[in-house]
Amino acid sequence: NIEHEKVAPAQPPKFEEPKAEAKIEEAPQEDVLLNVAPKKANWDLKRDVEKKLEKLERRTQRAILEIMQQQEAQRMQQEGAAD
């Protein structure tokens, strides 16, 4: 008789969702950000980039001046040709 060798169908164990003791939504947003980010995150970046930004600003101003001079020269040339 094979019936005595039959095994009962497997039953999956019951799964219970773990419950969090403290919800993230309940914690103030400011506290969460303070724990993750350092107090002065970019002070070293500002220090390192400041010289480069000054140089870039000078180049930008020089390029704007050059463009304005070219436009002025072009306008004067057009006025001279129109006369």
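Reader: Which residue forms a salt bridge with Arg-75, the closest N and O atoms being 2.8 Å apart?

Author: Side chains of opposite charge can pair when their charged atoms come close. A salt bridge is counted when a side-chain nitrogen of Lys or Arg is within 4 Å of a carboxyl oxygen of Asp or Glu. In this predicted model, local features need pLDDT of at least 70, side-chain atom pairs count only at pLDDT 80 or more, and totals for chains, interfaces and linings use all residues. Residues are numbered from 1 along each chain as its sequence is written, and side-chain values use heavy atoms, with hydrogens and water left out. The partner of Arg-75 here is Glu-79, and the closest N and O atoms of the pair are 2.8 Å apart.

Reader: How many residues apart are Arg-75 and Glu-79 in helix α2?

Author: A helix is a DSSP run of H or I with at least four residues, a strand is a run of E with at least two, and both are numbered from the N terminus. Arg-75 and Glu-79 are separated by about one helical turn because they are four residues apart in helix α2. The protein has two helices and zero strands.

Reader: With which residue does Glu-72 form a salt bridge?

Author: Glu-72 pairs with Arg-75, with 2.4 Å between the closest N and O atoms. These two residues also lie in helix α2, three residues apart, about one turn of the helix.

Reader: Is Glu-79 buried, partly exposed or exposed?

Author: Buried means under 20% relative accessible area, exposed means over 50%, and partly exposed lies in between (1.4 Å probe, protein chains only). Glu-79 is partly exposed because its relative accessible area is 39%. Glu-72 is partly exposed, with a value of 37%, and Arg-75 is partly exposed, with a value of 37%. Buried residues make up 0% of the 83 residues in the protein.

Reader: How many salt bridges does the count come to, and which residue pairs with Arg-47?

Author: The count comes to three salt bridges. Arg-47 forms one with Asp-48, their closest N and O atoms being 3.1 Å apart. A polar contact is a pair of N or O atoms within 3.5 Å; within protein, one must be able to donate a hydrogen and the other to accept it, and residues adjacent in sequence count only if both atoms are side-chain atoms. The side chains of Asp-48 and Arg-47 are joined by such a contact of 3.1 Å. Asp-48 lies in helix α2 and is partly exposed at 44% relative accessibility, while Arg-47 is partly exposed at 48%.

Reader: Which residues form a nonpolar patch on the surface?

Author: Patches are made of residues with over 30% relative accessible area and no salt bridge; like charges are joined within 9 Å, and nonpolar side chains (Val, Leu, Ile, Met, Phe, Trp, Tyr) within 5 Å. Accessible areas come from the Shrake-Rupley method with a 1.4 Å probe, and for residues only the protein chains shown count as cover. Val-49, Leu-53 and Leu-56 form the nonpolar patch, with about 260 Å² of accessible area together. Leu-56 is found in helix α2 (residues 43–82) and counts as partly exposed because its relative accessibility is 49%.
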